[in-house]
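Please open the model in your viewer and follow this tour of its aromatic rings. Each stop names what to select next.

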Amino acid sequence: MSLFQVREWWAAKGESDEEYTPGALVVGNVDNDASGHAKIVTGSMNGVLRMYYPSQSEFRIEHLLLEENLRRPILQLELGYFIPYVRLSLLNQRVLALAILQPRRLGVYVVEGVGGSGMAASYFKITLRYEHLLGIDGEHFTAYNLIYGPFGAASSSSGSGSNATARSERDHLCVQSLDGRLQFFEQDRFAFLQPLNNNFLPGALCYASGMDAVLAATSDLQLECYRYQVLASASLKKRKPNGLDDDEKEDRQRESSATATQVHCDWKL
């Protein structure tokens, strides 16, 4: 017999026809309130984004601070430091931003209070800071899930000084497609697109900051670990120009298509 019980304290319902994915909920100081109050943000497959601040038991309409229709299904929400420093009004202040994953695009937004700060605001608005069209101009790539973190910071943190510190305070983004490819973005810039070894279906994905590595559950029912620098280097090798003539280039292309490029896997289970 347990000494503790779990009881429902507060609940909010969307429209009757709305559906949600497991990743379309995030909790945190979304509006960068100085008091640090955490809000609840949800996104539905209907494209409706809502932000709540429950201050007491039982739902009241004033708990709903923001409702915005983004017109496309919302697959996942994440909260992190996705805004480049050059875009901040206060250079020494980090701003939490909301990453919203939709089937063909990834948008980074900031939530701001109008007419005051924090809970003293008259109302809240959401502003798009930047957006990435996935794949090639939003084509040939349908999103499945999203991870984020200070990609590459572990390898650069060995250096001393402010550069290493600033790098570790930035969060970058990675989107996995329905065919298992990974597309990386360094905040508002495209970095590279890299498929994993023999992986043709999406699966669970996470970033291990201590190892600066991506852990992926692959379509052959294995858990694989890929270092970020290895993934980045593999993409550079594919894009590296060479001095071959046209015939030699065609031969190399045939060889590469016959044998897919294998990315070094640190370990697998």
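**Charges over rings**

Start with K39 and Y53: the charged end of K39 sits over the ring of Y53, 5.8 Å from its centre. Here, a charge sits over a ring if NZ of Lys or CZ of Arg is within 6 Å of the ring centre and within 35 degrees of the ring normal. Next, select R94, which lies over the face of Y81 at 3.9 Å from the ring centre.

This is a predicted model: local features need pLDDT of at least 70, side-chain atom pairs count only at pLDDT 80 or more, and totals for chains, interfaces and linings use all residues. Residues are numbered from 1 along each chain as its sequence is written, and side-chain values use heavy atoms, with hydrogens and water left out.

**Ring pairs**

The whole structure holds eleven aromatic pairs. Rings of Phe, Tyr and Trp (its six-membered ring) pair if their centres lie within 6.5 Å; planes under 30 degrees apart count as stacked, over 60 as edge-to-face and the rest as tilted.

Select W10 and Y52. Their ring centres are 5.6 Å apart and their planes at 70 degrees, so the pair is edge-to-face. W10 is in the segment before β1 (25–28), and Y52 is in strand β3 (residues 48–52), 42 residues apart. Strands (E, at least two residues) and helices (H or I, at least four) are DSSP runs, numbered from the N terminus.

Move to F192 and Y228. Their centres lie 5.8 Å apart with planes at 45 degrees, so this pair is tilted. F192 belongs to strand β12 (residues 189–195) and Y228 to helix α3 (residues 228–239).

Finally, select F151, F184, F192, Y207 and Y228 together: they form one aromatic cluster.
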